[in-house]
Amino acid sequence: MKIAFLVAERSTCRRHHVGAVVVRTRRILTTGYNGAPSGVADCLELGCLRDERGIASGERHEVCRAIHAEQNAVIQAGLHGISIQGGTLYCTHTPCILCAKILVNARIHGLVACGAYPDEDALCLLKEAGVQFELLQRPGLTISTLD
């Protein structure tokens with residue numbers, strides 16, 4: 001989970017920094033964070049469309065430049081030919097309904113999150129599809145080193 005928070009630091013979203021890590025048999029397969037598509041201006045440069053239009057979190061997902069962290073983790077798997085079937089996605093937040101659908105079809109086995117995104121339908125879909133779900137307390141985010 002700490003790695004998901006570290007990945008989230010790459011986010012270019014002004015509202016939420018979200019990070020995702022797909023793991024299978026204790027190995028990291030892919031990561032993703034929320035941000036604009038590759039090669040285009042992001043919200044840090046252009047401002048937030050959702051803020052400009054007064055759209056609340058959890059509503060009208062299509063009005064956003066960013067690709068969600070979970071989506072980017074699945075896209076990275078596809079780009080690099082990595083099967084994530086049977087994997088567990090660790091994410092800083094619970095998914096939206098769109099990401100939940102993608103995770104189900106990517107055959108993700110489990111989802112572990114510690115922050116809540118305001119979309120209860122997503123969790124219902126995951127449950128219906130048999131995706132194991134666990135909500136954890138936010139981990140300590142201090143990185144310790146031995147010098």
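## Briefing on the cavity, pockets and cores

The residues lining the largest cavity divide into 10 nonpolar, eight polar and four charged. The model described here is a predicted one, and a search of the whole structure finds one cavity of 30 Å³ or more. The points below take up this cavity, then the open pockets, the nonpolar cores, and some individual residues.

**Cavity**

- About 280 Å³ of space lies in the largest cavity, and of the 22 residues that line this cavity, Cys13, His16, Asn34, His68 and Tyr117 are the closest to its centre.

- The largest pocket has a volume of about 320 Å³, and of its 16 lining residues the closest to the centre are Tyr33, Ala36, Ser38, Asn72 and Gln76.
- Strand 2 (27-33) and helix 4 each contribute at least two residues to the lining of the largest pocket, which by class has seven nonpolar, eight polar and one charged residues.
- The second largest pocket, with a volume of about 170 Å³, is lined by Lys2, Ile3, Phe5, Leu6, Glu9, Arg138, Leu141, Thr142 and Ile143.
- By class, the lining of the second largest pocket has five nonpolar, one polar and three charged residues.

**Nonpolar cores**

- In soluble globular proteins, nonpolar side chains tend to be buried together.
- The largest nonpolar core here has 19 residues, and those with the most contacts inside this core are Val22, Ile84, Leu89, Ile108 and Leu111.
- Two or more residues of this core come from each of strand 1 (19-24), helix 4 (69-79), strand 3 (88-93), helix 5 (97-105) and helix 6 (120-128), with helix 4 giving the largest share, four residues.
- Once neighbours within four places in sequence are left aside, Ile108 is in contact with Val22, Ile84, Gly87, Leu89, Leu103 and Val131.

**A buried arginine**

- Arg50 is found in helix 3 (residues 49-52), and this arginine counts as buried because its relative accessible area is 7%, under the 20% cut-off.
- Leaving aside neighbours within four places in sequence, Arg50 is in contact with Arg15, Ile55, Ala56, Ser57, Gly58, Glu59, Arg60, His61, Val63 and Cys64.

**The ends of helix 6**

- Asp119 caps the N-terminal end of helix 6, with a side-chain oxygen lying 3.3 Å from the backbone nitrogen of Asp121.
- Just after helix 6, Gly130 takes a positive phi of about 80 degrees.

Notes. Residues numbered from 1 in each chain as written. Predicted model: local features only at pLDDT ≥ 70, side-chain atom pairs only at ≥ 80, totals over all residues. Heavy atoms only, no water. 1 Å grid on protein atoms, 1.4 Å probe; cavity = no way out; pocket = protein on both sides within 12 Å on 5 of 7 lines; lining within 4 Å. Points joined across faces, edges and corners; volume = space filled by probe spheres on them. Nonpolar A, V, L, I, M, F, W, Y, C, P; charged D, E, K, R; others polar. Core = buried A, V, L, I, M, F, W, Y, C linked by side-chain atoms within 4.5 Å. Buried < 20%, exposed > 50% of the residue type's maximum accessible area, 1.4 Å probe, protein only. Contact = heavy atoms within 4.5 Å. Polar contact = N/O pair within 3.5 Å; in protein donor to acceptor, adjacent residues only side chain to side chain.
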